[in-house]
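Here are my notes on the charged side-chain pairs. Please read them with the structure open.

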Amino acid sequence: MKRIFTSIVLAAFCVFSASAQLEDGFYRVKNNKTKRYISIADNNPKHYTVSQSGSTALLGIRTLKNFDRVSCSPSTIIYVKNMDRSKSLYDLQGQGTGIYALSGNMILAKLEGGGTSYKASGTYSGVTISIADLADDGQRDEAWLANNSEETARWNFIKVDTDTNYIGIKPDVKTDDGYYGTIYAGFAFKFVSSGMKAYYVKSASGKSFEMKEITGTIPANMPVIIKCASDNPAENMIMPVLEDIAKLSGNKLAGVYSAIKYKNSNMTAFTASTMRVLGVSDGKLAFVKKAPEEYFYEGKYLPANKAYLKVKSSDGDVMTIGGSGIVTVTADPVDASKEGIYTLTGTRLPDNAPLRPGIYIKDGKKIVIK
């Protein structure tokens, strides 16, 4: 399918429900006909080329059908900002950017219409550019926008809430003390569900890392670890907020926004020598070199809106709080008469077995091999 449209980038988001004067706030954009949601899957300006004639390539925009994906995807959260109320001009922002920035500070959305939906045109240096209808290509779970029929060119804007249009966090791992996940969002947020905590990584070296809790509002554009209340995103709700909170310095986590593959899309391949992803070691939270293939996009690219740990090539394959693959060591009393070398899980090792760095029980006493 040809994905060069006679429109401007704003048309990807450009039809609203309710009133022409939309309140500033966080929304999701849902197609009236296909019931699919807009996703800003890429925030690289090179994939939103805009010409003065009004033609553009919307290579960074996709639509998602399954709300299980939508509900935990920060890419579907769009902030609507009224730039000129007298002319009904809006900027539509997401993933740390917006249509104004993506178009080189040239384009704003001008809303026209009424009833249950609106079409839009744009302004370029004060000149209105007419655009063709932009519709949803609703053939797959993840699809592109396309010029189709009038009935699929209508969209609703739905405010983010804590009911049916919530945003939650899907955990990546389950440890002995609960569920954990990472998130990298272009908006600041607060916790709605109880039992949740946020952390950043203060230091990481060798086989260990140190994380520190963040209280209050989580800053925008800051990759963090979240301790979740359960494995259900609906029970791990967060609420986007418009607060200009400075990012904490010294965070060793990094994040990615994009995970789509189309020509020269803005993707990040996993590099085992300098990256670790969230995992589990001996039931404890860890950053690991080897993660399940299904964690990655197409088996090798970092997933969108997730965080990873930046490391040196000399750092361990498994990094935990305190090191040695465990967060805390609680060894049950061992019978001193029970000779031999054991792991902390109770497995006896051959007497002449070479010991890797770690903690062992030898003849009833704990030893540390470095």
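**Notes on the salt bridges**

1. K284 and D176 form a salt bridge, with their closest N and O atoms 3.7 Å apart. This pair links distant parts of the chain, 108 residues apart. K284 sits in strand β27 (residues 284-288). D176 sits in the loop between β18 (173-175) and β19 (178-183). Bear in mind that the model is predicted.

2. How exposed are the two partners? K284 has a relative accessible area of 24%, so K284 is partly exposed, falling between the 20% and 50% cut-offs. D176 reaches 58%. That is over 50%, so D176 counts as exposed.

3. D177 also takes part in a salt bridge. Its side chain meets that of K227, at 3.7 Å from N to O. D177 lies in the loop between β18 and β19, and K227 in strand β23 (residues 224-228), so the pair ties together parts 50 residues apart in sequence.

4. Both partners here are partly exposed: D177 at 46% relative accessibility, K227 at 22%.

5. K159 and E23 make another salt bridge, 2.9 Å from N to O. Where do they lie in the chain? K159 is in strand β16 (residues 155-159). E23 is in the loop between β1 (4-5) and β2 (25-31). The two are 136 residues apart, and the pair links distant parts of the chain. K159 is partly exposed, at 39% relative accessibility.

6. For the overall count, the structure holds six salt bridges. Those described above include K284 with D176, D177 with K227 and K159 with E23.

Definitions and conventions. Residues numbered from 1 in each chain as written. Predicted model: local features only at pLDDT ≥ 70, side-chain atom pairs only at ≥ 80, totals over all residues. Heavy atoms only, no water. Salt bridge = Lys/Arg side-chain N within 4 Å of Asp/Glu carboxyl O. Helix = DSSP H or I, 4+ residues; strand = E, 2+ residues; numbered from the N terminus. Buried < 20%, exposed > 50% of the residue type's maximum accessible area, 1.4 Å probe, protein only.
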